[in-house]
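User: I have a model open and would like to learn how to read it. Can we go through it in short questions?
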Amino acid sequence: MSAPLLDIRDLSIEAHKDGERLGIVERVSFSVATGEILGLVGESGSGKTVTCRALMRLLPTRSLRISGGKIEFAGRNLVTASEAEMRHIRGARIGMIFQNPASHLDPVMRIGRQIGESLVLHLQMSPREAKAQTIELLRQVGIPDPQRRADDFPHQFSGGMRQRAMIALALACSPELLIADEPTTALDVTVQAQILRLLVELRDKRGLSIILITHDLGVVAQTCDSVAVMYAGRICEKGPKRDVLAEPLHPYTSRLIACQPSASAEAGLLPSIPGQPPSPSAWPSGCRFHPRCERAIGLCRSSAPELVTVRSNHVAACHVTAPARLADEAA
Amino acid sequence: MKAGSISLAMPVRLPVPLILGLCIIGGAVILALFAPFIAPYDPILQDTTNTLKPPSRAHPFGTDNFGRDVFSRVIWGTRVDLQMGLIGVLFPFIIGNTIGAISGYVGGIVDTIFMRIVDIVLAFPFLVLMLAIIAILGPGIGSFYIAMALVGWVSYARLIRAQTLVLKHSDFVTAARSLGFSHGRIMFRHIVPNALVASIVFSMSDVVLVILSGAAVSYLGLGVQPPTAEWGIMIAEGQNFITTAWWITTFPGLAIVALAFGFSMMADGLGELLGVRE
């Protein structure tokens, strides 16, 4: 296998608050191959968005800092890249789309001009070429009558259309990697499916790699090739989608899967994971999931489990389930 | 109507104050542009046989102590006062918005320095500072514009800085950063156009202030110089006769009130239309 497009190794991010240092993200590693869709799953506050902001080097510099590790993108370490280098990578080689397209588009600039702006900037197109390319992009993301809609303002678009415009904007300069930060959370279910289909289609046509941040395992099941599950700033399980969803190893992953609503299930309360996700100022000792884990043993309180490979590419960090599975596999 | 061209947008209804303001200002602009054709007399022509005449058919607003037609002088004065209001706002608008946007976006020491300068300017009473600057530069309309620019920018700077502070953390700025845009581009292409609405609305009510202080400065003999027809000067010259010839001061006074009213209506209406909360 060739070198992955993106390889994050032991990435740690610290927050500075009142002179205190808090580890927001700790030793996170994952990689994305060309044409792969990776689902980054976790509850709010688990560090998935911060991780992706860090790889764009868009952390608020005063409060958050990359404290260790490396982010290798196409052979380059982005942690040490200069701001000028990053400006050529952002938009041109890594694109990003966001949860709420309504607020991520400039409200007083026409959609077409917003897209054209980065074409002129990164690809040195003339305004005329940029305009033509913009219309082509809008057509590719499925906006009807792109010629006319290019002159609309964001508020004239519906939610789904805005997300399509956002995707066109992020993909304008044909980046190799797209970071999609909960792209469908703010959309209704039918539109959600269309947007996800569009992303998969773009991957198939362009060989685009995508990091899909989500908390919806249904979305992962529909679109992703592999999954990384984050909990409290650490990766607790990652592997090929089929393996992780069919045979989850980490108790947290199992509980997450159990919490998915399903149409066939009997009416009643949805299952939930008892307890609250911990906050960075009070991370639990040992395995950070142990206070909420029904399978926790004494060891979980005192020592943090390392990621253990149980099957090809399928790794999990659990003192209880990982060794048991390893034993099963051996037997 | 062609299929697919149906607009779902509500027809925009202009607020009543905006229409009223536009009518008044439009009227003033027409008066200013066509003053030579509308005014029945030369505004500085003295007719010593016809001094201090009350309003009549020949002189609807009467004549002043030099026998000049007050009606014609008020019409010609529209030119000077309108120009004074617009130019007097233009420079503070440009300077204030640029400094405010930079101050808010860059932050840190730059912000501190600019905001302390703003505090210093605001610490002086407005008119006193204006008069001091004009006194140093020498009387005249040019000095008035310079003084206005030096004093007036602070309101714009504060206004746009506050907007910029909010906008620089907004989602679309993050998105612009993720597209690899430089700070300068983000500031002037994305933040300023969004922040400008409040400034534009404020500038309308600022025109009122500028016209009034222009008239005040001229009244004190430091602005537009006689015999130019300007409302402030007319009021100043007429005050000696206020008990015997009320028309000399009253009509230019009413003209100032009308124009000021027009601009403040426009400010209200624009604010309503663009959704700016004052």
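User: Which residues of strand 7 of chain A are buried on one side, and which on the other?
Analyst: This is a predicted model: local features need pLDDT of at least 70, side-chain atom pairs count only at pLDDT 80 or more, and totals for chains, interfaces and linings use all residues. Residues are numbered from 1 along each chain as its sequence is written, while chains are lettered from A and ligands numbered from 1 in the order in which they are written. A residue is buried if 20 or more other C-beta atoms lie within 10 Å of its own, exposed if 12 or fewer, and partly exposed in between, with C-beta atoms placed from the backbone. Both faces of strand 7 are covered, with A:L177, A:I179 and A:D181 on one side and A:L178 and A:A180 on the other.

User: How many bridges join strand 7 of chain A to strand 8 of chain A?
Analyst: Helices (H or I, at least four residues) and strands (E, at least two) are DSSP runs, numbered from the N terminus. Two strands pair if DSSP finds at least two bridges between them. Strand 7 and strand 8 (residues 209-214) of chain A run parallel, and A:D181 has A:I213 as its bridge partner in strand 8. The number of bridges joining these two strands is five.

User: What is the bridge partner of A:I94 in strand 7 of chain A?
Analyst: Strand 6 of chain A runs parallel to strand 7 of chain A, and four bridges join them. The partner of A:I94 in strand 7 is A:L177.

User: In what order do the four strands of the open sheet in chain A stand?
Analyst: The pairing in this sheet is antiparallel. Strand 2 (20-32) and strand 5 (76-77) are at the edges, each with a single partner strand, so each has one side without a neighbour in the sheet. The order is 2-1-4-5.

User: Which residue stands opposite A:F73 in strand 5 of chain A?
Analyst: Strand 4 (residues 64-73) and strand 5 of chain A run antiparallel, joined by two bridges. Opposite A:F73 stands A:R76.

User: At about what angle does helix 1 of chain A run to strand 1 of chain A?
Analyst: Axes are lines fitted to C-alpha atoms, for helices over the stretch in contact, and angles run from 0 to 180 degrees between N-to-C directions. Two residues are in contact if their C-beta atoms, placed from the backbone, lie within 7 Å. Helix 1 (residues 48-55) lies across strand 1 (6-17), strand 2 and strand 4 of chain A. Its angle to strand 1 is about 110 degrees.

User: Is A:D10 buried or exposed?
Analyst: A:D10 is in strand 1 of chain A. Its phi is positive, near 50 degrees, in a residue other than glycine. Because 11 other C-beta atoms lie within 10 Å, A:D10 is exposed.

User: Where does A:Q124 lie?
Analyst: A:Q124 is not a glycine, yet has a positive phi of about 50 degrees. It counts as exposed, with 9 C-beta neighbours inside 10 Å. A:Q124 lies in the loop between helix 4 and helix 5 (127-140) of chain A.

User: How many helices does chain B have?
Analyst: Chain B follows the pattern α-α-α-α-α-α-α-α-α-α along its sequence. It has zero strands. The number of helices is 10.

User: Which residues of helix 7 of chain B are buried?
Analyst: Helix 7 (residues 171-178) is mostly covered, with seven of its eight residues buried. These pack against strand 6 (94-97) and helix 3 of chain A together with helix 6 (141-167) and helix 8 (183-219) of chain B. The buried residues are B:F172, B:V173, B:T174, B:A175, B:A176, B:R177 and B:S178.

User: Which helix of chain A gives the most to the side that touches chain B?
Analyst: The contact takes 19 residues from chain A and 14 residues from chain B. Helix 2 (83-89), helix 3 (101-104) and helix 4 (111-123) of chain A each supply at least two residues of the side that touches chain B. Giving the most, with three residues, is helix 4 of chain A.
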